[in-house]
Structure formats: structure tokens, C-alpha cells
Amino acid sequence: MSEYPRQLRELVAQGRLDEAIGLFERLSPVDAAAAIFALPFEQQRILFRQLPTKLAARLISCFPYFHAYVLLQALKVPEMAATVESMHPADRDLFLDALPEETWQNLTDTLERARSQSALPEAGVEAAPAEAPIPAPVATEAQPIIVARQIEKSYQQPEGREIQVIAPMDLSVEPNTILAVLGPSGSGKSTLLRMLAGLLPPTKGEVLWHGEPLQGSHPNVAIVFQNFALFPWLTVLDNVEAPLLARGVPRRERYRRALKVLVTVGLKGFESAYPKELSGGMKQRVGFARALAVEPEVLFMDEPFSALDVLTAENLRRELLELWSEKKISTRSIFLVTHNIEEAVLLADRVVVLGSNPATVRADFRIPLAQPRDRKSAAFLVYVDYIYKVMTQPSLELAPPIPTTAEGKPKWQMLPHTRPGSIAGLLELLMDHRGEEDMYHVAEELLLETDDLLPIIEGAVLLGFATAREGDVKITAEGRAFAEADIATRKSLFRDAVLARVELIRKMKSALDSKSDHVMPLEFFHDILDEHFTESEVLKQLETALNWGRYAEIFSYEPATDKVSLHKASDFETQNAAARE
Amino acid sequence: MKGSPRERSSRPLAWGIFPPAVSSVVTDLPIFLAAFSVFYAFLVVARYWFTPFTAQAEISLRPSALPMYAMFSVIRIAISYVIALLFSIAYGYIAAYNKRAEKLMIPLLDTLQSIPVLSFLPGVMLAMVALFPRRQLGIELGSLLLIFTGQAWNIAFSFYSSLKSIPREMHEVAEVYRWHRWQKLMQMELPFAAIGLVWNSMISVAAAWFYLIACEMFTLGKQDFRLPGLGSYLQTAANAADTGAIIWGLVAMVGVIVVLDQLVWRPVIAWAEKFKFEQIETSQVVRSPILELLRSSRILPYIGRRIVDPVKERIASRVAIKAAREPETRGRRPIARVINYLPAAATLVALAWGVVKMSGLALALHGSELRGIFVGGGATFLRVEVTLLLAALWTVPAGVWIGMNARRAAVVQPIVQVVASVPATALFPIVVLLLTRVGGGLAVGSIVLMLLGTQWYILFNVIAGAMALPTDLREVCDIFRFGQWERWRELILPGIFPYLITGCVTASGGAWNASILAEYFHLNGHIFSTTGLGALISEAADNSNYPVLLVATMLMAAIVLLINRLVWRRLYAVASTRFKLET
């Protein structure tokens, strides 16, 4: 099947669109869609406009729904309406169902209007472009800069056991792309970045730079760090000059180049300032300047905007995009690690979503929207919504399934790191929203980053207080009861839910029950978890379990002795309970 | 430094009234004078060093001789400090980056730290005098090395732990931009460690003043050694029971210490501010007029531009070229690996040989001597603990009283600092003289002496702890009308606990070390001594009784290490988890 995409690309590049369409007649719709999918997005749009409506309708349901949506936007409204009309009804329902609410509303409104006025060319959907002449074929450099083959990372536990943090994965970084890697915290995003940048050798597999093994070669890369990693005792100028000094650039040349970069990032006049005199945004500008000074081939960015306030971050993102799209920087590719979904959709040409424990590629797709992108546009929301879906639903996988290397051992249930109070807050919010809401709306309303919201949702789902489906979160009857209850009732509901559904806490309780004095060292549970998680994750798991268990009044914990004991109801509580009954 | 610092620094005086040329002469003149006098001092000392060997310099007790002696002592301390600093940087660097060496070097450092200075005396002196038998140089070098053993270990430890705590991201910056070792050292490691190096340097130099008496005048077997210096002046005055001379010597020593503090340490601390590893500017900054004088000078930037910068540039570019030419070698060849193991093997052989030799020496001891050593260990142990208890008893209330009131602290703290900077050993003669008048023996007197040397560590830490008590917690106590006792139990004692422990750790080590000087004392032609490990070590060093010296030293090191491991480290862990005031 691999020859069709190439054949198709040649045909499109030579403008022989009729022949290309002829080719589709011979292919199954799935293969044809795959071949189209492999084209650069501009060519996809041109080709798609030329397709007969029937064929387009048949192909459209073979694309991922978000891509189908963006392709449909390439058509004029009447044609779009006709294409949607001629889709198979079942496929059409599936497609429309998958769209987030606003986008769906937007689309059906447009289609409705198109049907009633049967011919009105500019009927409102923002993206219906005028027919453009076929642009000169984009010179697509197929050669990726970095190719990672089956790289994986494991860490040795003190007792010699290995914990895998990154499952074997393939990844390539192509030129002229901003690649964003998304994932929950602790999913190994930063580890992946460091392996690709040559800072950390993979445990297995290899990383190739222009086909050469990374080890021993000096790839020309730069990293922008989340916490800037500036040297506080060096002035802004010295910080930017330091990498050039390391390359033996003579003094005058060093000064000239550093100054040039400082002008580019808007830091002219701050050369002799020390980092601590600067605001967070300015510090990160120094970070960018230092990275750009070496004119890196690939610019790695490790959550570069997450230590900044919202406005500063937005401003810096815009400026970065401007530098990138106007080719003011010589960087050929940007590799961005982030946990902010909107940031990824705003900046990236390609998004890779990682799942955690160990990290696997859950989705890898392109975002063909033109820059600058509008956060409020329907197409933007489609992608944001889709990423929420991917991140909350492990079963939704675009990438080929990864063979599990675990030796068939059942996976230990992982507690999301959240507090009972946060879960209660989420449930109350859902009550205010008639019990159901899109996740990105919840994040917006609570002013929470994805990273902070997802564990709360996972916690609520784990306890059976809510369900998450297709990027929506919905409260359950139990959740409703919990949200409406008073403090004491909440605790008992929480207790019931925890004991029914949380494996670790149930195990802890039964272990405590079996002891005559109902006391055990925390160490014991630590050792149980040791087999399944890394040390830092074990500590987090225990912290969460203690937090939940103490809230639910299942056990108490004495930090001084590091011991867990079964919760004993105090006299006051028993009296209270008696009074209630 | 880029840019001209002149423009940024505010001038200490209104020199704007002078024309620029005059003002530059006025500011640069002191710098010239200082440079020339330092140069002259070294010249004098160097000439003296190459005079023929005289074991006993004639020590004159005339006050007019004091400036010369002070100069000798200062230069002695300065040189040994520089050696200690270079040694520490090398030692810390190797220990931090060579995993195999680290396993050996850090416990070794721990042990060395717990060995009292005096125990090094015979070995060091004999070796150095044997090296240069004809010249004064040999005995001077011995004295230098002895001072060095009192200075080096804590600096090395500080540098090592600084290197270990450099944030991962900084290392990554250095690696991704391919900094070579030299650049890493100059732009990352030394600056990051600077603050710790400065504070530990101050501690080390204070320790050098403390041991100065022992290091400048000592007996080795039949021979008395005496080097010209403030320490031997004080000791000679004490031997002659010349109270006037003792006070003169004391005044001179305090004067030198105060002047050094103003001329050297304060400018250095103010300069080191820029190495603080913080991302936000603090409002409180240490100021130093001397540093401002240096910064407003014209000659220094000129030297910097014309000499220092080009040299730095030359080194940097040469290293960069070399680094670029070298291919990255991750896997070493087998021969290189064998060579790599050689130092470790050599060390092991040396260690084994040392152990055999030492056990030979130790076996030569009589049972009674051995019993004496253990009894002494017990006595000194009790004395150290009593000292700590007494010190805590007065410093905790006093420190809290000072620290709880910001205005009071601002007035009292500098005074306390000056008083504390007087090396306790310099006070010993006076105290012992007083004690003998009163009729108390050294058994109790040595506790007073040890207290003199160690109480300040606790006091400073308690003051710092009291100052760090959060205002809101104190307000809670006010609102709920806590009584004095409740206030102490609920807020003050838990709040200062971590600081108190930190102070006690340092004080405990200091007290053990001080016991050597406090339990055995030459005065007025007599030897005052009492039962104790310190006295045994001093006496053994005096009489070249190597078996006793060795075993007593090993016992002391073992006790200090054990107490650190079993008591202080655990208390420290409790303090840093349970009693940590988190904001």
C-alpha cells in the first residue's frame, strides 16, 4: 500500500488531478484516505475540492473526525452541505456526534442555512476560502532530522528491579515543523526530550541525527527550560555569550552575535542587567536568546511558558510564532514539550500525545490550520476537544498498538494525585452546569491547566462520582448525592466509594484489620508499591492514599513514627453518630 | 565584568567636588599603597624564611615588636589559607565527579575533620624539618601545614556539597552547549559554590587564629620550637606570667582580626552577594565601603581590561579549540581502565601498610596506658557535654532575647560578633591566671576554657532562629494570651530547635578540638593539666610519645564520628522534617 501515497504525491505535484482521482476509483476508501492523509495539507485541500461529491462523502468518513472537519472547511458551503448530505447516515451520525458541542452547533446551523437558501456562496463558515490556483508544489524534505528507533527508558530501582518509564517508541522530527509533545505530568515528556537532544542515553533503541548515531556526534541543538536555567551571576550578555564562548567564537564576533539575538528577542538595552533584576517573561527571553545564539538546527523547549503568568506567556508565544513563521530564526524545527493543550494546538504543526506509566504514544497527528490561529474558532476547538478525549480515554488510539513488554502481570491501579476537596469542588461545578460539561470548558471556568484538571477528573471517575466520555465529564447519581451532602455524610459516602473501588486503600485496610493492634509501618505499603512504580511515584501514591484514607476516616497516620493505624472513632464522634441516629 | 561598574556603584564620599584626575588619584592611592605594603611584607617574610635554621626565635615581649609579629602571623595564616583553598577545590572536585574516589574520599574527609590539629604536629614537623634541615623554611612550612590541617577540611566539604547540589538544569545547559571543564569551573561551579566557600573560609581563618598559639610554639621531644608571631608572643608572655604583655598581645590580635574583617571579609561578602542563587533581588544587601572604594577605582578596571580579560580570552579559546579537536570518548580503552585503577590500588596498599604500622605502634602500649586513655576519653566526653549544656543554658535565653526584637538585634549582634571573633586560646592565659588565683584546678577550669571557644556557635544560631520566628505565629501567641511558659513550649523552643541543633553540632566538634588546648596548658613555667583525652594528646605530642598520641587520636576521632552519626545526625533529621517552619 506504501506506493500509492508516492504515486499520488507525484500526480498532485504535476497537477494531474484527474489521474489522481482516477486512482482513487481503483482503491478501497480506506486506502485512498490513507494516501490522501499522507499528502501535505495544502495539496489535500486542493485535491479534495476536485473530488466528486459522492467520492468525497465516501472518503470523508475514513478520516479521523477532526481531520474530516478541517477538510470539509476547505469546501464552499453548498458543496460542503452536499458532501455531508451524501454521507452514509450512520457515518454521518458518528461524525457529528464526535464533534464538540459548539462546533457541532456551528456546522448544523451552516448546513441548515445552506439547505433553506439552497445557493448562497458566502454563508458564514469562516474557512470557506476562495478558489485558489494550484500553488507550486511545496518542496517537501522527506528526510527527518531526528529519527528515534524503538527508544525506551527504564530506571534501576535500588533492589535491582527495573521500572520502565518510556515504552519502546518510534518518533521522528521533521524539518519545518513545530512538534508538540503533550502528556500528563510524570509521563516522561521531559525524559523523551532529553533523549532526543542527546542529554540522556536511551536504555534501549537508538537516536539518529541525519542518519548518524547520536552518541559521539555533536548535534547542534539548544534547549529552553521551564525555569529558565540562567546563571544568576552572569549578566544577560554573558549568559547569551556563554554557549558561543564554549565554541571558541572570538570575542568581537561573540559580542556581535549575542547582541543581534538580543535585538531579535527584544532585550536590547538589558545587556548588563543580571537575571534577578528581570521579570519572568524577560528571563525567558534571555533563555530564548541563549538558545537562538547558537543557531540550533532543532530548538527543544521544555514547558517554556508554564512558569510565566497567562498574559506574558501568550505574548511570548505570539512573538515566537512570528519569529518562526517569518523565518527570522534559522532553526529548522522546534520540539515543544507542554502540558497545556491550547498551547499545543496554538503552536504546533504536529502533536504527539503520550500516555503515562510507562509512556506510550497515544496519538500522533497533524494540525493543518493556518497561522495565526484563532482560539475561538470552531476548528481550533475540535482539536482541543479531541486531545481531551485522547488524554482521558486510553482506548482511543491512533498510533499502532504498542506490544506490552510487561510479563503478563496485571497492571496495578494508579491513583490520580488529587485531594477529596478538589473532587468535591469539581462535582459542585458540574451540578451548577446541569451535570455535564465539556472538559475544556471546565478547565476554562476553573482556570486550571490540563495537568491540574485531569487528575481531579480521574479521581472523580475512579470513585464513581462522575463519568468521562468523549471529552465530556458527567456527574453520576452517587456524585450528585455526594455533592449535595453535609460534611459527615460526604465522608461516609467517600468512605464507601473508596473501599469499593480503590485497590490500594482496600489492601491497606485489610492489612490493618488483620493485625491485632491495627498498626503497621508505612514502610510495608511502600514495599508493596515498589514493584510497580518508580520511587517518586511510590511516594506520591502513598501520599494520595493517606490523604484519601484519612479524609474517609479509614485510618490515621502518625508522621513521627511513620505508622498507619486503623481509625478509631473518638468518643465525640460516636456520640455524634448516636445523636444522628 | 562587562559594562563599567563605576557608573553603577554609589560613591562612598562626595568626591564630585574634586576634578576627575584628582579624585582618581585619591581613590587609587590607597590601593597602590596596599599593594606595595603587601608586596613588602612578603619580601620580608621570604627573606626570613631563607635564613639559617634556628629552632627558637627570640621572642621579645616589648609592645613595639607586635606589628612585626602580627605581620608574620597574618602572612602565615594567609599562605596556609590559600593552600587550603586550592587543596579543597581540587579535593571537592574529584570527590564530586569521580564516583569511585568519592566512596573513599568523603569518609576520609569526615575522619580527618574529627582529628585534632595537634595530632598532626609531630608527623608534619619532622617531615618538613627533614626536608629543609638547614633553612628556617622547613619549620615554617611545618607550621603552615599545621595551620592548613585546621583550615582545609570544612572548605573541602563545603565545595564538595555545593558541587553536588548544582541544579540538574544547569548541568544540562553546560552539556547541551558543550561547555568544557574550564568554562564549567569558572562560570558554573566556582560561582555556585562561592557563598559557601566564603563563609567556610571565614570559619577556617577563625580556626587558624584559634590554633595559632599551638602552631607557632611547641615542643617536640627534647626540642622546643618557636616561630616569630603573635601566637608565640602570647604564649611566651603567659609563660613569663607577664600580664601586661598578655594584654598587649590580646589587643594586637583583636585589632588585627577586626581590621581583617573590615578590609577583607566584609568586601568579600558584599562582592559574593552576586553569587546568591536566587532569582529575585533581595532588599537587604551587605554593604562595604572598601568594596565601593575598589569599585570606584580606575586602575583596577584598567588592569582588568588590559591584562585579565585578554588572558581569560586566550585560555578560553585555547581550551575551546582543544575540546573541539578531541572526539568524545565515552568508552575507555582497557589500558586506560587499568591505569584508572592504579591510584585506587596504590591507596589501598598504602592504607594496609599504615594499618599494619599503626597496630604495631598501638600494641606497644601498656595496659595501664590504655586504661588511662579510655578514662581520659570518658572524662573529656563528660566535660564536652557539660560545656554544651552550660552553653545552651545561657545562650538560649540570651539569644532569644536578642533575636526576638529586631532593633535590639541590630545593636547587639555586631558587638557579639566582635567579642566572638577573639580566639578563645588568646584568652586562655588570662583565664588560667585568674583561676589559679581563685584556686580552681584545670579540671573545672578547662570547662570554662572550652565554653569560651564554643558558646558562640550556639548563640549565633539561636539568634538567627529567634529572628526567623514568623510574626504571624508570634501574633497568635499574643492573641490567645499565652503565658511565658506556654510561649516557650509551643512556639520558641520548637521554632529554634533546628538552629539550636545546627549550633550544637558545630559546638560539639569545636569543644572536642578545644579540649586539647584546654586540658593542658603551659603557664608561668608550669604545666597545668587534668585528666582527659585532650591532655593526653597534648602531652604525647610534647613528649613524642607516638603510641599514646596515635591511640588517643583514634579514640577521639572515633568518639566524634560516633556521636555525629548516632546523635547529631538523627536530631538533625528530626529538626529538618518535624520542626521545619514551612511557609
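Student: Does A:L11 count as buried, partly exposed or exposed, and what is its count of C-beta neighbours inside 10 Å?

Tutor: This is a predicted model, and A:L11 has 18 C-beta neighbours inside 10 Å in it. A residue needs 20 or more to be buried and 12 or fewer to be exposed. A count of 18 falls in between, so A:L11 is partly exposed.

Student: Which helix holds A:L11, and which residues does A:L11 touch?

Tutor: A:L11 lies in α1 of chain A, a helix that covers residues 3–13. One residue to look at is A:L23: it is twelve residues along the chain from A:L11, with 9.7 Å between the two C-alpha atoms. Leaving out residues up to four places away in sequence, A:L11 touches A:R16, A:E19, A:A20 and A:L23.

Student: Now the strands. In what order do the four strands of the open sheet in chain A come?

Tutor: Start with the edges, β2 and β5 (212–213) of chain A, each of which pairs on one side only. The pairing in this open sheet is antiparallel. Reading across chain A, the order is β2-β1-β4-β5.

Student: How many bridges join β1 to β2 in chain A?

Tutor: Strand β1 of chain A takes in residues 146–156, while β2 of chain A takes in 162–173, and the two run antiparallel. In this pair, A:Q156 stands opposite A:E162. The number of bridges joining β1(A) and β2(A) is eight.

Student: Which residue takes a positive phi in the hairpin of β1(A) and β2(A)?

Tutor: Look between the two strands, where the hairpin has five residues. One of the hairpin's residues has a phi near 95°, and that residue is A:G160.

Student: Are α17(A) and α19(A) roughly parallel or roughly perpendicular?

Tutor: Two packed helices are described by the angle between their axes and by the distance between those axes. For α17 (residues 420–432) and α19 (residues 450–462) of chain A, the angle is about 85° and the axes are 9 Å apart. That angle lies between 65 and 115 degrees, so α17(A) and α19(A) are roughly perpendicular.

Student: How many nonpolar residues does the contact of α17(A) with α19(A) have?

Tutor: α17(A) brings A:S422, A:I423, A:L426 and A:L427, and α19(A) brings A:I456, A:I457, A:G459 and A:A460. Two of the residues are polar and none is charged. The nonpolar number is six.

Student: How many residues does chain B give to the contact with chain A?

Tutor: The elements of chain B that give two or more residues are α7 (168–176), α8 (181–216) and α12 (299–325). By class, the side of chain B that touches chain A has 15 nonpolar, six polar and twelve charged residues. Chain A gives 33 residues, and chain B gives 33.

Student: What is the radius of gyration of chain B?

Tutor: Chain B has 21 helices and four strands. The globule rule gives 25 Å for its 583 residues, and the value for chain B is close to that, so chain B is as compact as a globular protein of that length. The radius of gyration is 26 Å.

Conventions:
Residues numbered from 1 in each chain as written. Chains lettered and ligands numbered in written order. Predicted model: local features only at pLDDT ≥ 70, side-chain atom pairs only at ≥ 80, totals over all residues. Rg over C-alpha atoms; globule rule 2.2 N^0.38 Å. Axes fitted to C-alpha atoms, helices over the stretch in contact; angles between N-to-C directions. Parallel < 35°, antiparallel > 145°, perpendicular 65-115°, else oblique. Contact = placed C-beta atoms within 7 Å. Nonpolar A, V, L, I, M, F, W, Y, C, P; charged D, E, K, R; others polar. Pairing = 2+ DSSP bridges.
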